[in-house]
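Look at the sequence and the structure below before reading on. The report then goes through them part by part.

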Amino acid sequence: MASPHIAARPRTIIEKVWDNHIVSERPGAPALIYIDLHLVHEVTSPQAFAGLRERGLKVRRPDLTIATTDHSIPTHDRNLPIVDTIAAVQIEQLQKNCADFGIPLFGPHSDKQGIVHVIGPEQGFTQPGMTVVCGDSHTATHGAFGALAFGIGTSQVEHVLASGCLLQARSQTYEVRVEGALRPGVGAKDVILNLISRIGIGGGTGCVIEYSGSTIRSLSMEERMTVCNMSIEGGARAGLIAPDETTYEYLAGRPYAPKGAEWDKAVSLWRQLPTDEGAAYDKQIFIDAAALEPMITFGTNPGMGISVTAAVPDPDSLADPLERDSLSKALRYMDLPAGKPLLGHAVNVVFIGSCTNSRISDLRAAAALLKGRKVSPNVRLMVVPGSQIVKRQAQEEGLDRIFKDAGAEWREAGCSMCIAMNGDQLKPGEYSVSTSNRNFEGRQGKGGRTFLASPLTAAATAITGVVTDVRTMMN
Amino acid sequence: MEKITTFTSRVAPLPIDNIDTDQIIPARFLKTTSKIGLGDQLFCDWRYDANGNPNPDFLLNQPQGKAAQVLLAGDNFGCGSSREHAPWALTQYGFKAVISTSFADIFKGNSLKNALLPIVVPHDVSAKLFATLKAEPAATVTISLADQTVTLPDGSKVEFPIDPFYKDCLLEGVDELGYILKQEPAIAAYEASRPLTVNTLA
């Protein structure tokens, strides 16, 4: 659909995917863009389906739509009833909506159920060059495949269900270039936490990020998903990585990926997606990967992050009064002194899971450290796989035994304590180290206090019971 | 959708940067299947103590907060989760506009679909308005969407930007989905021009 004058100048992958999906572009109005894949879950969809019913509308493309239950579903034995009647009603409503509107659903008892951003890639639904939406801000996860993936509100969920399209203004482009080799103990989660600590949680507002550079190229697909997942925590509308051999190797043979001649045709199209030589970005930032250390957050937004060995910043060092007040407020909530490192700070709970870090490689990394060790008696360690498929894979590899032998809880798949809607939550005043994506006040339970970190840092902390530099435990 | 007309109101100041949607409406209230009944839960964990009693120190429990249809907040308001429950809770409480130096993208989009005006003003205007409200809590502002102006308590006017499409929608009460569905021929033509990418029903 690209017009000749657009094709003539060098374009970023962000512009290429955008241009490929313009249905109409009228003066004085946002563009109408086509959506290739719509992921639906129980929390942000009921009011959208109600809207369709009120208007007597159908779902235009059930064949481009997939639903699952992840946010409010308990992670205990699925054969037990859901105690929370409000959550039970919401899950039943999704089942009814999917049945009424003909949408495929990986429901509570499906062997493919899982977190929406884990199952999309796992099944091969997510493919390079697609536009992907979901009523969830972590939809940028799918950008790891070179897809343009936006989190949307419930009104827009209704728009996409009804029309297959979204009204959206063109975004600015932001290149985040990461070069060099990551040092031992430093991973994808540390890269993204470091970026957000630099640009702040509003730094990417109005932008779509392209992550580029040798470090990004060297990451596995699961690590790329971790990076793209947290684009929203830097304020960006989306974040993506150009597809390459790593992408194609991951996708080949997935249940819903193209097969045979269709696959060859798709790959030849996907090879045209990477940013053209000489294409310009609206913003750029460079990160030296070799200088990175394991990261941890100390405050109440994901931009409040430091190296695990560094000291918590002092509000008195900030000139802007509102910024100073915000930091003071965060430290009051977290009950932390300024100017001291977090190392050695006791925690009550360690959570390994969420759409950021619940995939098999995350579980393998944590299990490698926990093998032959015990979780501190002062710590509750919860390990929540991202999907039933991840869970089965982990069990085939014996990871569940390692976790259980160490004293951890091994749960069913779901969002769990990342969003604390399903009964998995911190008690007021408790501290957690969590591999999830948000440390907002009360995010993991009212009054709970969250330190965000990588699966390695989480596992190390679970063993010692205090915030730990994982590098001191690695051979 | 309800049309937005010019209005004058007191202002509730929340001088905090990066107020995220988990604070506006905590996730535990997202288990509802309805859009309504969320106004009582707005800023729940700041507004009520552990026993569910109103926290007297919090703005919305004071006369100034209760009387206001305009919220004045710090930078990057509405960051975090995409939950549209945030503008639903704000409007059901009675807010018609939020003034800040910037808004998170998804929150801004959600607000425009729910007749809640996200008004961006420069830093100096925001700082001055916070200072005025400290001295005169009953001060009012007048907001005109048609003129794209906020009239400050001292009578001076500040212009604010808004996407012309959404301005028209809000002034005329245009239904956005209706607008999209009118483009059915273009949507069908687009679909016909390209191969199927994935089939979730397969």
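## Basis of the model

This is a predicted model, in which local features need pLDDT of at least 70 and side-chain atom pairs count only at pLDDT 80 or more, while totals for chains, interfaces and linings use all residues. Residues are numbered from 1 along each chain as its sequence is written, and chains are lettered from A and ligands numbered from 1 in the order in which they are written.

## Domains of chain A

Chain A has domain 1 (4–169 + 247–266), domain 2 (172–243 + 276–291) and domain 3 (295–473); such bounds come from an automatic or database domain assignment. Between domain 2 and domain 3 of chain A, the C-alpha centres are 22 Å apart. Their contact takes 17 residues from domain 2 of chain A and 18 residues from domain 3 of chain A, where two residues are in contact if their C-beta atoms, placed from the backbone, lie within 7 Å.

On the side of domain 2 of chain A that touches domain 3 of chain A, helix 7 and helix 9 of chain A are the elements that give two or more residues. Helix 7 of chain A gives the most, with six residues. Helices (H or I, at least four residues) and strands (E, at least two) are DSSP runs, numbered from the N terminus.

## Two helix pairs in chain A

Helix 7 (residues 188–199) and helix 9 (residues 221–229) of chain A have axes that come within 8 Å and cross at roughly 20°. Axes are lines fitted to C-alpha atoms, for helices over the stretch in contact, and angles run from 0 to 180 degrees between N-to-C directions. Helix 7 and helix 9 of chain A are therefore roughly parallel to each other. Angles under 35 degrees count as roughly parallel, over 145 as roughly antiparallel, 65 to 115 as roughly perpendicular and the rest as oblique. The residues in this contact are Ala188(A), Lys189(A), Val191(A) and Ile192(A) of helix 7 of chain A, with Glu223(A), Thr226(A) and Val227(A) of helix 9 of chain A.

The axes of helix 3 (residues 46–55) and helix 6 (residues 154–163) of chain A also come within 8 Å, and cross at roughly 50°. Helix 3 and helix 6 of chain A are therefore oblique to each other. Gln47(A), Ala48(A), Gly51(A) and Leu52(A) of helix 3 of chain A meet residues of helix 6 of chain A, including Thr154(A) and Val157(A).

## A covered helix

How many residues of helix 16 of chain A are buried? In helix 16 (residues 455–464) of chain A, nine of its 10 residues are buried. A residue is buried if 20 or more other C-beta atoms lie within 10 Å of its own, exposed if 12 or fewer, and partly exposed in between, with C-beta atoms placed from the backbone. Among the buried residues are Pro455(A), Leu456(A) and Ile463(A). The cover includes strand 13 (295–297) and helix 13 (360–370) of chain A. Just after helix 16 of chain A, Gly465(A) has a positive phi of about 85°.

Chain B contains nine helices and seven strands. Its C-alpha atoms fill a box of roughly 65 × 45 × 25 Å along the principal axes. Of its 202 residues, 44% count as buried.

The contact between the chains takes 49 residues from chain B and 67 residues from chain A. Helix 5 (105–112) and helix 7 (164–172) of chain B are among the elements that each supply at least two residues of the side of chain B that touches chain A.
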